[in-house]
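Subject: Structure for your review

Dear colleague,

Please find below the structure that I am handing over to you.

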Amino acid sequence: LILTTGCLAAVHKLDPPQQRERKESGLEPKVRPANSGSVHLKTALGAVMEDDCIQEAIESLKPTQMGNGVKGGPEIMHHIYRARYKGGKAIFNADAVNGFNELNREFMIKRAHRKAPAAGRFINSTYGCDALVIFTWQDELGRTVVSFFLSMEGSRMGCKFGSALFDMAVEPMYENLSNRHPTFLIRCLTDDAPVSGGPKDGETWQDFYEEIAEVITDFKELGEPIGYVLNREKAFLLIPPEAEDPEPGTLPSWVKVTREGLVVAGGAIGTDDFVRMHVGTIVDEVERRLGSMGALADVNPQFADRFISSAFNRMLSYIIRITPAHLISAELERCDKAIYDASKGVLSRSTAMEPECSEARQRRSEDIHRLRKRAGGWGLTAAINIADAAFIGSISIAMTDSVFAAHAFQLEDDLSLAHERILSRVGGATKLVKGTNLFYALPLDPKALIDPSFYLDSFD
């Protein structure tokens with residue numbers, strides 16, 4: 001009981017104003033359940049995850065499943081779908097409702113036994129029983145409410161083993177979908193399984209929409225018996241600009257057709273404006289959180305500055321790896337300025353009058369702020385300075401995937417622009433070497449960037 005008991009907390013996925021807006025519209029608030037669980041169980045599960053039989057089971061889920069055991073899996077998946085969209089393909093965003101908690105546990109355990117029989121006894125002892133869950137949340141008056149219930153289905157969120165169990169359980173469903181619709185691409189990050197395709201030779205877009213409707217029906221037929229239910233709120237079909245609209249009644253009424261964009265593997269795909277809006281929303285959140293740093297700086301300025309210079313930059317680190325920097329330069333510069341101003345504010349929180357500084361001295365101050373620590377600076381890296389190199393580095397990792405390698409030419413323009421922007425920052429078309437502040441060695445020919453035999457060094 002002590003090992004398997006979990007404490008489930010409701011964490012808001014949206015800001016309070018957005019949650020109130022959803023409530024006023026008659027929608028449920030967006031809440032992410034986070035299971036803190038037992039540290040002893042999580043330690044044991046982490047050790048079992050490293051066992052050879054589990055690793056072999058996870059390895060067998062490739063290439064469809066990219067959420068477990070694939071280095072850079074999410075960003076590779078994003079690049080695949082971005083390239084296919086630029087090549088004129090549509091994307092249906094398939095996502096399960098509360099996948100971890102809703103999946104049929106008996107089916108999940110049987111699948112895990114089949115995939116990793118050596119771990120069967122351990123899986124039974126940790127997941128075969130109904131687990132006591134302590135659920136805590138705050139009501140509208142700010143009072144903490146505690147309730148208890150038994151977890152009878154699904155895997156535990158926050159559990160290192162949970163994702164692996166889920167992935168093993170849904171593997172047959174994804175395989176069946178791929179076999180039934182071989183011309184469609186289905187890659188997944190655990191419970192997110194976007195479907196990409198377009199009209200076959202000699203067919204029309206209307207023919208494609210009819211097959212997408214069949215895919216959705218198959219999701220229901222194969223998924224619902226095991227507890228995998230499509231999330232209708234996230235059911236978007238992104239179609240390219242040249243595609244005709246589906247005829248009324250072709251698709252389920254809850255599928256929303258869009259030409260603007262959708263989010264795949266954490267990054268926006270679609271029109272340039274949609275990508276900028278998505279990244280702009282993230283920058284808005286960074287600015288909002290930076291606004292609360294003043295109180296922390298009054299108590300512990302050293303910790304506040306360290307937090308600002310690391311945590312907030314990391315909020316964009318994934319985005320700049322998967323998004324062409326030339327699309328979001330304004331958003332990155334806005335974020336860099338907000339982080340720099342917040343860091344500078346921590347250093348000048350004295351009530352004493354500060355002497356006026358010349359513009360040149362202010363620029364020198366910023367240079368020192370952004371200089372690497374091992375060079376005597378403050379180590380505040382500007383995202384705009386590394387974004388192009390980060391994007392190219394991520395593409396080089398994605399080239400290890402055969403599906404992406406076949407579509408990489410669709411991103412040649414983005415890669416060429418990134419390459420040109422890097423060269424312009426260092427003053428011309430000279431080969432960069434390690435030791436510069438970009439930490440890269442790049443070829444002079446931009447087309448070499450999509451050569452699968454070429455790989456960039458990892459960057460700091």
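A contact, as the word is used here, means heavy atoms within 4.5 Å. Helices (H or I, at least four residues) and strands (E, at least two) are DSSP runs, numbered from the N terminus. Buried means under 20% relative accessible area, exposed means over 50%, and partly exposed lies in between (1.4 Å probe, protein chains only).

This is a predicted model, in which local features need pLDDT of at least 70 and side-chain atom pairs count only at pLDDT 80 or more, while totals for chains, interfaces and linings use all residues. Residues are numbered from 1 along each chain as its sequence is written, and side-chain values use heavy atoms, with hydrogens and water left out.

The chain as a whole

The protein chain contains 17 helices and eleven strands. It has 460 residues, of which 45% count as buried. Among its contacts with a separation of 6 or more, 70% are between residues 24 or more positions apart. The accessible surface is about 23,300 Å², and 53% of it belongs to carbon and sulfur atoms; such areas come from the Shrake-Rupley method with a 1.4 Å probe, and for residues only the protein chains shown count as cover.

Helix 6

Which residues of helix 6 are buried? In this helix, residues 105-115, they are R105, M108, I109, R111 and A112. They lie on the same side of helix 6, because they cover an arc of only 160° around the axis; the arc is that of the directions from the helix axis to the C-beta atoms. An α-helix has 3.6 residues a turn, so residues three or four places apart point the same way. The buried residues of helix 6 pack against helix 7 (120-127), strand 4 (131-138), strand 5 (144-151) and helix 8 (162-180). On the face turned away from that buried side are the exposed residues E106, K110 and R114. At the start of helix 6, a side-chain oxygen of N104 comes to within 3.1 Å of the backbone nitrogen of E106.

The strands

Two strands pair if DSSP finds at least two bridges between them. Five strands form an open sheet in the order 6-7-3-8-9, with mixed pairing. Strand 6 and strand 9 (256-258) stand at the edges with a single partner strand each, so one side of each has no neighbour in the sheet. Strand 3 (residues 90-92) and strand 7 run antiparallel and are joined by three bridges; I91 has S196 in strand 7 as its bridge partner.

Strand 10 (residues 261-264) and strand 11 (residues 267-270) also run antiparallel, with four bridges between them. The bridge partner of V264 in strand 11 is G267.

Points in the loops

Where does A265 lie? A265 is in the loop between strand 10 and strand 11. Its phi is positive, about 55°, although A265 is not a glycine. A265 counts as buried, at 16% relative accessibility.

T190 likewise has a positive phi, near 60°, in a residue other than glycine. T190 sits in the loop between strand 6 (185-186) and strand 7 (195-197), and is buried with a relative accessible area of 7%.

Finally, K62 and P63 are joined by a cis peptide bond, with omega about 0°. P63 is located in the loop between helix 3 (52-59) and helix 4 (73-86).

Yours sincerely

Note on methods:
A polar contact is a pair of N or O atoms within 3.5 Å; within protein, one must be able to donate a hydrogen and the other to accept it, and residues adjacent in sequence count only if both atoms are side-chain atoms.
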